[in-house]
Amino acid sequence: MNKNINDKLNNDFNGVMNGTLYFFPGDAEEDEQRAEEESYNLSPWYGKERENYLRAYMDKDELLIMEHTGALRTHLVYIDKQAKKREMQLTEEMAETEGINSELKKSNPKLWVGAMNNLRQRVREIIQHDMIYTGYHKNS
């Protein structure tokens with residue numbers, strides 16, 4: 001690892017001794033948030049896909065720093081939660097606009113299921129385009 005990366009890493013950690021990074025206990029709120037992030041299950045469409053995207057396009061040194069500081073996991077959980085929230089909003093809005101409602105569900109369940117599956121896939125593609133596959137470009 002080059003010196004510049006070591007300097008960045010060292011500034012983000014609580015302590016460094018003989019080249020080994022040490023974490024010291026933070027406050028209870030930070031510990032609780034960290035535990036929640038670690039146990040949070042990322043969705044395959046958003047959180048995990050964002051991680052795959054970052055691993056493919058982000059500068060490797062920046063990614064390493066994010067991994068070692070815990071910022072990567074925090075970012076992935078945040079993106080995943082925001083994307084799921086947006087998915088619910090868009091699905092409701094688009095279903096209403098397209099007339100995919102409880103009346104259709106009662107009168108023609110197969111048509112309703114097909115329409116909802118199609119709608120959910122379109123919503124996921126919109127969110128992936130807007131939130132997941134953004135921010136980094138492959139170096140030429």
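In this predicted model, the axes of α4 and helix α5 (residues 71-98) come within 5 Å and cross at roughly 90°. α4 and α5 are therefore roughly perpendicular to each other. On the α4 side the contact is made by Leu 63, Met 66, Glu 67 and Thr 69, and on the α5 side by Ala 71, Leu 72 and His 75. Sorted by class, this contact of α4 with α5 has four nonpolar, two polar and one charged residues.

**Overall make-up**

- The chain has seven helices and two strands.
- Read from the N terminus, the order of elements is α-β-β-α-α-α-α-α-α.
- Of the 140 residues in the chain, 27% are buried.
- Among contacts in the chain with a separation of 6 or more, 72% are between residues 24 or more positions apart.

**Helix α3 against helix α4**

- Helix α3 (residues 47-57) and helix α4 (residues 60-69) have axes that come within 8 Å and cross at roughly 135°.
- That angle makes α3 oblique to α4, because the roughly antiparallel class begins only over 145 degrees.
- α3 brings Leu 54, Arg 55 and Ala 56 to the contact, and α4 brings Lys 60, Leu 63 and Glu 67.
- The contact of α3 with α4 has three nonpolar and three charged residues, and no polar ones.
- Leu 63 and Glu 67 of α4 take part in the contact with α3, and Leu 63 and Glu 67 are also among the α4 residues that meet α5.

**The loop between α4 and α5**

- Gly 70 is located in the loop between α4 and α5.
- With a relative accessibility of 30%, Gly 70 counts as partly exposed.
- Gly 70 and Glu 37 are separated by 33 residues in sequence and by 9.6 Å in space, C-alpha to C-alpha.

**Aromatic pairs**

- The count of aromatic pairs comes to two.
- Tyr 53 and Tyr 57 form a tilted pair, with 4.9 Å from centre to centre and 35° between the planes.
- Both Tyr 53 and Tyr 57 belong to helix α3, where they are four residues apart, about one turn of the helix.
- Tyr 53 has a relative accessible area of 9% and is buried, whereas Tyr 57, at 33%, is partly exposed.
- Ring pairs join Tyr 53, Tyr 57 and Tyr 133 into a cluster.

**Charges over rings**

- The charged end of Arg 124 sits over the ring of Trp 45, at 3.7 Å from its centre.
- Lys 105 lies over the face of Trp 112, 4.6 Å from the ring centre.

**Residues of helix α7**

- Arg 124 is part of helix α7 and, at 17% relative accessibility, counts as buried.
- Apart from residues up to four places away in sequence, Arg 124 touches Trp 45, Tyr 46 and Glu 87.
- Arg 124 and Tyr 46 are 78 residues apart along the sequence, and their C-alpha atoms are 8.5 Å apart in space.
- Gln 128 also belongs to helix α7 (residues 109-132).
- The relative accessibility of Gln 128 is 13%, so this residue counts as buried.
- Beyond its neighbours within four places in sequence, Gln 128 is in contact with Trp 45, Tyr 46, Glu 49 and Tyr 133.
- Met 131 has its place in helix α7 and is partly exposed, with a relative accessible area of 21%.
- Not counting residues up to four places away in sequence, Met 131 touches Arg 50, Ile 79, Gln 82, Ala 83 and Arg 86.
- Met 131 and Arg 86 are 45 residues apart along the chain, and 9.9 Å separates their C-alpha atoms.

Note on methods: Residues are numbered from 1 along each chain as its sequence is written. This is a predicted model: local features need pLDDT of at least 70, side-chain atom pairs count only at pLDDT 80 or more; totals for chains, interfaces and linings use all residues. Side-chain values use heavy atoms; hydrogens and water are left out. Axes are lines fitted to C-alpha atoms, for helices over the stretch in contact, and angles run from 0 to 180 degrees between N-to-C directions. Angles under 35 degrees count as roughly parallel, over 145 as roughly antiparallel, 65 to 115 as roughly perpendicular and the rest as oblique. Contact means heavy atoms within 4.5 Å. Ala, Val, Leu, Ile, Met, Phe, Trp, Tyr, Cys and Pro count as nonpolar, Asp, Glu, Lys and Arg as charged, and the others, Gly among them, as polar. Rings of Phe, Tyr and Trp (its six-membered ring) pair if their centres lie within 6.5 Å; planes under 30 degrees apart count as stacked, over 60 as edge-to-face and the rest as tilted. Buried means under 20% relative accessible area, exposed over 50%, partly exposed in between (1.4 Å probe, protein chains only). A charge sits over a ring if NZ of Lys or CZ of Arg is within 6 Å of the ring centre and within 35 degrees of the ring normal.
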